[in-house]
Amino acid sequence: MSGTADIPGPSLTLGELPLRPELVGAEPYGAPQFDVPVRLNTNENPYPPSARVRAHMARQIERLTGSINRYPDREALALRADLAAYLGFGLDSSNIWAANGSNEVMTHILQAFGGPGRTVLSFAPAYSMYPEYARNTHTRYVTVPRRSDYTLDADLVAAAVDEHEPDVLLVTTPNNPTGTITPVKVIEEICERVACVVVVDEAYQEFTEVPEDSSLALLARFGRLIVSRTMSKAFALAGGRVGYLAAAPAVVDACRIVRLPYHMSAQTQAIARVALAHKGEMLAQVLALREECQELQEWMRRAGLEVVPSQSNFILFGRFADRHAVWQEVLDAGVLVREVGPEGFLRLNAGTPDEMKAFREAISPIIARPGVVIR
Ligand code: PMP
């Protein structure tokens, strides 16, 4: 260092910092968080927990402040046991790993099984965070297009694996942003045909027609299969930040190597356990949201929109000549949806009946104008 004169002061910009080259020009990921009356852009559950559940959470938080000077349970064993009991399929805590959202779970998976010189393969259109997990773990990210109806079959997946030789294969069902499911029998065939780690992201599984029809049923047969879940969606706990995976105990051991010690706070563990103790109530709105989502799909089709059949709590719809203009106009009417997915499409999640009405009222005059929707 020559002297302080060379060191930039508080007006320092990012461009002047010795940032890692692959981060230069990158923007922090995130959907807009606007303060508008109707927010339907991040696939959240619109129903907060009941007063009874919230009071239980508050009591538990108050109790744990008495030992907040101590580190939390590093292994989150009680929470993992509760999650195993929730999932069933004969799983126990040794099969479960938990972290701050499935975002962190997925990062642990790639820290353990991806990394420099390794590849993760997914299928486009895919969840927008996947490339970020890959970049942050120095893993090469490759996508192969889904079929024209956004489904996947084992031949397409096996051919993509032959071509790209991934270390980790990532299949999302229902897929974000399309809502398309990949049946368990297809996942089974994939597991039979490939040798890499197979991650099935079931973030929205509880919203499907048959939630029990899950790849969890395959775990006993395939040691390299990982099923990822979250409490953010069906469990209405997005603010709690709890994601988890189910897999062979050896996979959990791999995640335990790469996690930061004490990665899950005592509060997070406590709140998640309360939510699981009231699972009936926490999941009570799933059926209503699924129905809301199906009804809205039918309404959209009747209104002349193109709708990707969704088995989740969100819908990809279009096709708009200028989707950004439609997004902006709907936002000006107080409804926030998401500009994501294939060109010409927008995505929104099922909300309360009042929110769905607000959306229909916002979009109806827009799509009635000639040229807005490509028919
Ligand atoms: N996977 C998919 C497919 C998602 O859509 C999301 C959230 N949008 C996540 C994972 C991450 O969820 P969380 O980190 O809140 O658990």
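Q: In which helix does glutamate 104 lie?
A: Keep in mind that this is a predicted model. Glutamate 104 sits within the stretch 101-113. That stretch is helix H3.

Q: Which side chain of opposite charge is nearest to glutamate 104, and how far away is it?
A: Glutamate 104 is buried, yet it has no salt bridge. A salt bridge needs the nitrogen and the carboxyl oxygen within 4 Å.

Q: Is histidine 263 buried or exposed?
A: Histidine 263 is found in the loop between helix H7 (249-258) and helix H8 (266-277). Its relative accessibility is 11%, and the limit for burial is under 20%. So histidine 263 counts as buried.

Q: Which backbone oxygen does the side chain of histidine 263 reach?
A: Leaving aside neighbours within four places in sequence, histidine 263 is in contact with several residues, including Arg74, Trp97, Asn100, Glu104 and His108. Ala98 and Ala99 are on that list too. The side chain gets to a backbone oxygen at 2.9 Å, and that oxygen belongs to alanine 98.

Q: How far apart are the centres of domain 1 and domain 2?
A: Domain 1 comes in two pieces, 31-47 and 285-367, while domain 2 covers 51-278. Taking the centres over C-alpha atoms, the separation is 26 Å.

Q: What area is buried between domain 1 and domain 2?
A: The size of an interface is often given as the accessible area lost when the parts come together. Here 22 residues of domain 1 are in contact with 21 residues of domain 2. Carbon and sulfur atoms give 56% of the buried area, and the total is about 1700 Å².

Q: Which residues of domain 1 lose the most area to domain 2?
A: Three residues together account for 34% of what the domain 1 side buries. They are Arg290, Gln311 and Phe314.

Q: How many residue pairs are in polar contact between domain 1 and domain 2?
A: Salt bridges between domain 1 and domain 2 come to zero. Polar contacts are another matter, counting pairs with both residues at pLDDT 80 or more. That count is ten.

Q: Which element gives the most to the side of domain 1 that touches domain 2?
A: Helix H10 (286-302) and strand E10 (314-318) each supply at least two residues to that side. The top contributor gives three residues, and it is H10.

Q: Which glutamates form a salt bridge with arginine 221?
A: Arginine 221 lies in the loop between strand E6 (197-201) and strand E7 (225-230). One partner has its closest N and O atoms at 2.4 Å, the other at 2.9 Å. Both partners lie in helix H6. They are glutamate 188 and glutamate 192.

Q: Which arginine forms a salt bridge with glutamate 329?
A: Glutamate 329 lies in helix H11 (residues 323-332), and its partner is in the segment after helix H12 (353-367), so the pair ties together parts 40 residues apart in sequence. Glutamate 329 is partly exposed at 31%. The closest N and O atoms are 2.7 Å apart, and the partner is arginine 369.

Q: How far apart in space are histidine 56 and alanine 277?
A: Histidine 56 is found in helix H1 (residues 51-64), and it touches Val274 and His278. Histidine 56 and alanine 277 are 221 residues apart in sequence. C-alpha to C-alpha, the distance is 10.0 Å.

How values were computed: Residues numbered from 1 in each chain as written. Predicted model: local features only at pLDDT ≥ 70, side-chain atom pairs only at ≥ 80, totals over all residues. Heavy atoms only, no water. Helix = DSSP H or I, 4+ residues; strand = E, 2+ residues; numbered from the N terminus. Buried < 20%, exposed > 50% of the residue type's maximum accessible area, 1.4 Å probe, protein only. Lys, Arg positive; Asp, Glu negative; His and termini not counted. Polar contact = N/O pair within 3.5 Å; in protein donor to acceptor, adjacent residues only side chain to side chain. Contact = heavy atoms within 4.5 Å. Domains from an automatic or database assignment. Buried area = accessible area lost by both parts, 1.4 Å probe.
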